[in-house]
Structures are given as C-alpha cells and as structure tokens.
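Subject: Structure handover

Hello,

Here is the structure for your set-up. My notes on it follow below.

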Amino acid sequence: MIEVPIHIRWRDVDFYGHVNNAVYLTYLEEARDHWVETTLPGTNFVIVRVAIDYRRELSLQDEDVVVTCRGVGYGTTSIRTTEQVVARSGWVAAEAQSVIVAHDSDTRQARKLTDAERAVLDRAIAAGD
C-alpha cells in the first residue's frame with residue numbers, strides 16, 4: 001500500500017468552506033499514480049472508473065491528509081485499486097475504488113497486461129501493497 005501525504009491548499013476549498021468534491025479526485029489520482037509508478041514503473045495507464053464514497057467533509061483547518069492506494073485485483077487489461085483519504089486526526093474522509101487500464105501510447109488503445117506485470121501484481125496484492 002502506498003501512503004501519500006497531501007497538504008490541503010486554499011484553492012482546494014470551495015464557497016462552503018470545505019474541500020470541493022472534485023479535489024478529492026486529484027488527491028486520489030496523486031496516490032494512484034504513485035502506486036502505479038512504484039508497483040509497475042514505466043507502465044502507461046488510463047483511468048476508466050472511479051467510485052467515491054464521501055464520509056466526512058475536509059476543511060483548511062484539517063491542514064493535511066494521507067491518501068492511501070493499493071491494488072486489489074486485475075483482469076486482462078485492467079487493474080482495480082482501493083483508496084482512502086484520511087484526515088490527520090485519523091478519521092476517513094472518503095473511500096474510493098478505481099479501475100485503470102494498461103495503455104499503449106502508440107495505438108492509443110488498451111493493451112493486455114504482460115505475464116511479468118501480472119506476476120508483480122500477484123505479489124503486490126498478496127502483500128497488501
């Protein structure tokens with residue numbers, strides 16, 4: 001599992017004084033990108049699905065969050081991840097599930113995961129990474 005600390009910025013907050021729902025996507029993306037780069041360095045991918053359950057609002061007073069990401073499964077071309085946004089004080093602000101697809105930058109199409117990538121994913125998923 002990857003843990004990415006993120007400082008809540010003034011621009012993240014909307015008119016209501018809480019972190020805007022769209023900003024959570026950016027927080028999740030930062031952790032997911034880091035997880036992929038750490039687990040499968042150099043792999044190109046695109047996001048095809050994100051489902052977010054917002055649990056509690058965040059504000060500037062929360063100052064920092066830790067966003068976690070880990071792989072939970074894969075298919076022929078896709079990888080499933082689960083993510084959390086956790087406030088500094090330890091409560092969960094949001095939980096998410098994402099699906100990313102391995103991407104061939106030349107053809108601009110999905111590509112099958114290689115046997116080597118599957119082996120790495122098997123180890124990462126088994127370890128909870």
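From the N terminus on, the elements of the protein chain run β-α-β-β-β-β-β-α. That makes two helices and six strands. Helices (H or I, at least four residues) and strands (E, at least two) are DSSP runs, numbered from the N terminus.

Some ground rules. This is a predicted model, in which local features need pLDDT of at least 70 and side-chain atom pairs count only at pLDDT 80 or more, while totals for chains, interfaces and linings use all residues. Residues are numbered from 1 along each chain as its sequence is written, and side-chain values use heavy atoms, with hydrogens and water left out.

Overall dimensions

The C-alpha trace spans about 45 × 30 × 20 Å along its principal axes. Buried residues make up 38% of the 129 residues. Buried means under 20% relative accessible area, exposed over 50%, and partly exposed in between (1.4 Å probe, protein chains only). Take the contacts between residues at least 6 apart in sequence: 67% of them join residues at least 24 apart. Contact here means heavy atoms within 4.5 Å.

In soluble globular proteins, nonpolar side chains tend to be buried together. The largest nonpolar core in this model has 30 residues, and Tyr27, Leu58, Val65, Val67 and Val85 touch the most other members. Two or more residues each come from β1 (2–7), α1 (21–39), β3 (64–74), β4 (78–87) and β5 (92–104). Helix α1 gives the most, with seven residues. For the term: a nonpolar core is a set of buried Ala, Val, Leu, Ile, Met, Phe, Trp, Tyr and Cys residues joined through side-chain atoms within 4.5 Å.

Leaving aside neighbours within four places in sequence, its partners include Ile8, Val19, Tyr24, Tyr27, Val65, Val85 and Trp91.

Aromatic rings

The whole structure holds three aromatic pairs. Rings of Phe, Tyr and Trp (its six-membered ring) pair if their centres lie within 6.5 Å; planes under 30 degrees apart count as stacked, over 60 as edge-to-face and the rest as tilted.

The Tyr24 and Tyr27 rings have centres 6.4 Å apart and planes at 45 degrees, so this pair is tilted. Both residues lie in helix α1, three residues apart, about one turn of the helix. Tyr24 is buried at 2% relative accessible area. Tyr27 is buried too, at 0%.

Tyr24 also pairs with Tyr54, edge-to-face, at 5.1 Å centre to centre and 85 degrees between the planes. This pair links distant parts of the chain: Tyr24 is in α1 and Tyr54 in strand β2 (residues 45–54), 30 residues apart. Tyr54 is partly exposed, at 41% relative accessibility. Tyr24, Tyr27 and Tyr54 form one aromatic cluster.

The charged end of Arg56 sits over the ring of Trp91, 3.9 Å from its centre. The criterion is NZ of Lys or CZ of Arg within 6 Å of the ring centre and within 35 degrees of the ring normal.

Loops

Ser59 is in the loop between β2 and β3. Ser59 is buried, at 14% relative accessible area. Its side chain makes a polar contact of 2.8 Å with that of Gln61. A polar contact is a pair of N or O atoms within 3.5 Å; within protein, one must be able to donate a hydrogen and the other to accept it, and residues adjacent in sequence count only if both atoms are side-chain atoms.

Arg88 lies in the loop between β4 and β5. Arg88 is exposed, at 54% relative accessibility.

Backbone

Most residues other than glycine have a negative phi, and most peptide bonds are trans. Glu63 has a positive phi, near 65 degrees. Glu63 sits in the loop between β2 and β3. Arg108 has a positive phi as well, near 60 degrees. Arg108 is found in the loop between β5 and β6 (109–110), and counts as exposed at 60% relative accessibility.

Best wishes
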